Amino acid sequence: MRIYHNTAKLYGCWLAFAMWAAVTVVPPLFAQQPASQPSALNATPPPAPVDAVDPAPDDSTQSMLPHLKTSGFWLSGQANFIFQTHPEFHAPYSGVHSLNPHYEKAISRVMTLYTGMRLNNSTELLLDIEEAGGSALTQGFGLAGNTDLDIVRNPQLSKAPYLGRGMIHKVFALSADKIENQRNAFSLFDELPRRRLEIRFGKFSMPDFFDVNSVGSDTHFQFINWTIDNNGAWDYAADTRGYTVGLTADFEDRNWGLRFGEGLMPKVANGIDLVWKPWQVHAENFEYELRRGFIPKKAGMVRLLAYTNAANMGIYRDQVLKAREAGTTPDITNHPWRITRKYGFGINVEQNLAHYMTAFARFGWDNGKTESFAYTEVDQTFVEGVGANGAWWHRKQDRAGIAFVTNAIGKDHQHYLAAGGLGFLLGDGKLNYGRENILESYYTAHVWRGIYLAPGLQYVVNPGYNRDRGPVVVPTFRAHVEF
């Protein structure tokens, strides 16, 4: 045990040094670079950040190539490369879906071409071509809060480019007054009605428009852990690559918004094929957003999320009882086709603390009895963290952050894994249950134009909810290019 206590102390020392270096050492190293706001083009549509105080700069300092000046078209792109490794860690046993306890390393990549065309002052077409490849630590198995949100969860998928997003975006004006809109790959309009209804139809990712957070939602510049960037208990409709087909309706008023999303679910857990029978298999998502902070005279936001899924999902308790009677190992997929329901809710809060510092927190819960199907194996999650804008130390395009997340699963889910059952991500063969706790820190440094480099570190306790395994230290290095 002394070894692991020393590991924790070592990590604490490293973390303290990293935060000190972020403020005192890294800025002078790159001080000769031009200072400007971070790029508005992120993996998710950028919400209005609560700490945005400076006007948007010339995009020539944010991307390798200048963007089109006409508001009728959009053409841009990005490439994100993430290197991760971990040293050997304590593991008296391992299962089919365990994180490899021996040293390993992996590099993931995601490259995206964003295009868009305005048809008129209220309608536009958006289309993104994407290529994702590389590898994941242990092929993505063994962690509920996986350390790299960019990984391909099925290494057998084709490496050829594919259609990431393709949608029609229509805006219905409900008021005459207008507000300025910061153009980006998800909205090309220069201005929008203050009160409006936005409809989107096509292929997209639910986290593009739900559970967005200006501090913890973007693997290009911020955190990269699955359950820090997204609500881990939100089993949102998605295929293996994270996309669905459906529609969203977003009503926006001055200080609040209300949105609804309907999407298709996959045929099997973590499957690439969607079920094209929305009257049987479907997912509903609801979110209320209040743009108001908890601290007087400081901006903030509160988002309340609820969802329900209907798909061919197994029930943990049923499979455990069936296997016990037969004297076999439970298998969550061993059931005839039947539609079951899963539901849950989430709370997403961000609060401006100082001129360049914003705190955020998420809480999520789902019923825990139905099979984890589309995102990850989490039934309850709580995350809190803080992000800082580099303008604080005269590096406007730099960012730094630290966050802690604790994940849990319900009793039925625990019994299933303890009996040797396999989820689509987890399965050590047995289970000495404990909450999966993860600490992540990063520093994103702007090097030149659209080039960013970001060292980071994650520390995982009880990987896969197993007290018998870990802890695990995962150093990270990210290279990001905007063009």
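Predicted model: local features only at pLDDT ≥ 70, side-chain atom pairs only at ≥ 80, totals over all residues.

Q: Which residues make a nonpolar surface patch?
A: Leu258, Tyr288, Leu304, Tyr343, Phe345, Ile347 and Trp365 make one of about 610 Å².

Q: Which strand gives the most to the nonpolar patch?
A: Strand 12, residues 340-354, with three residues.

Q: And where does leucine 304 lie?
A: In strand 11, residues 300-311. Leucine 304 has 42% relative accessibility, so it counts as partly exposed.

Q: OK, inside now. What percentage of the residues is buried?
A: 57% of the 483 residues in the protein chain. The chain has five helices and 18 strands.

Q: What share of the contacts comes from residues 24 or more positions apart?
A: 72%, taken over contacts with a separation of 6 or more.

Q: How many residues are in the largest nonpolar core?
A: 34 residues. Trp234 and Tyr465 have the most contacts inside it. Strand 11, helix 4 (316-326) and helix 5 each give two or more residues to this core. Apart from it lies another core of 17 residues, including Phe360, Val383, Ala403 and Ile438.

Q: What does tryptophan 234 touch?
A: Beyond its sequence neighbours up to four places away, tryptophan 234 touches Met206, Pro207, Phe210, Asp211, Asn285, Leu305, Tyr307 and Tyr375.

Q: Which side chains make a polar contact with the side chain of histidine 413?
A: Tyrosine 316, at 3.2 Å, and glutamate 377, at 2.8 Å. Leaving aside neighbours within four places in sequence, the contacts of histidine 413 are Tyr316, Gly368, Ser372, Glu377 and Asp379.

Q: Now threonine 444. Where is it?
A: In strand 16, residues 436-448. Threonine 444 is buried, with a relative accessible area of 1%.

Q: Which backbone oxygen lies 2.8 Å from a polar atom of the threonine 444 side chain?
A: That of phenylalanine 221. The threonine 444 side chain also makes a polar contact with the side chain of arginine 478, at 3.1 Å.

Q: How far apart are the C-alpha atoms of threonine 444 and arginine 478?
A: They are separated by 8.5 Å. Along the chain the two residues are 34 residues apart.

Q: Switching to charges. How many salt bridges are there in the whole structure?
A: A search finds 24. One of them joins arginine 109 and glutamate 131, with the closest N and O atoms 2.8 Å apart. Arginine 109 is in strand 2 (residues 104-118) and glutamate 131 in strand 3 (residues 123-134). The pair is 22 residues apart and links distant parts of the chain.

Q: Are those two buried or partly exposed?
A: Arginine 109 is partly exposed, with a relative accessible area of 25%. Glutamate 131 is buried, at 11%.

Q: What does arginine 291 pair with?
A: Glutamate 252, in a salt bridge at 3.0 Å, N to O. Arginine 291 lies in the loop between strand 10 and strand 11, and glutamate 252 in strand 8 (residues 244-252), so the pair ties together parts 39 residues apart in sequence.

Q: Which residues are linked in a network of salt bridges?
A: Asp250, Glu252, Arg259, Glu287, Glu289, Arg291, Arg303 and Glu350.

Q: Last, the backbone. Which peptide bond is cis?
A: The one from glycine 470 to proline 471, with omega near 5°. Proline 471 lies in the loop between strand 17 (451-461) and strand 18 (472-482).

Q: What about phi of asparagine 270 and arginine 449?
A: Both are positive, in residues other than glycine. Phi is near 60° for asparagine 270 and near 45° for arginine 449.

Q: Where do they lie?
A: Asparagine 270 is in the loop between strand 9 (256-263) and strand 10 (282-290). Arginine 449 is in the loop between strand 16 and strand 17. Asparagine 270 counts as buried at 13% relative accessibility, and arginine 449 as partly exposed at 30%.

Technical notes. Residues numbered from 1 in each chain as written. Heavy atoms only, no water. Patch = residues over 30% accessible without salt bridge, like charges linked within 9 Å, V, L, I, M, F, W, Y side chains within 5 Å. Areas by Shrake-Rupley, 256 points an atom, 1.4 Å probe, with all protein chains shown as cover. Salt bridge = Lys/Arg side-chain N within 4 Å of Asp/Glu carboxyl O. Helix = DSSP H or I, 4+ residues; strand = E, 2+ residues; numbered from the N terminus. Buried < 20%, exposed > 50% of the residue type's maximum accessible area, 1.4 Å probe, protein only. Polar contact = N/O pair within 3.5 Å; in protein donor to acceptor, adjacent residues only side chain to side chain. Contact = heavy atoms within 4.5 Å. Core = buried A, V, L, I, M, F, W, Y, C linked by side-chain atoms within 4.5 Å.
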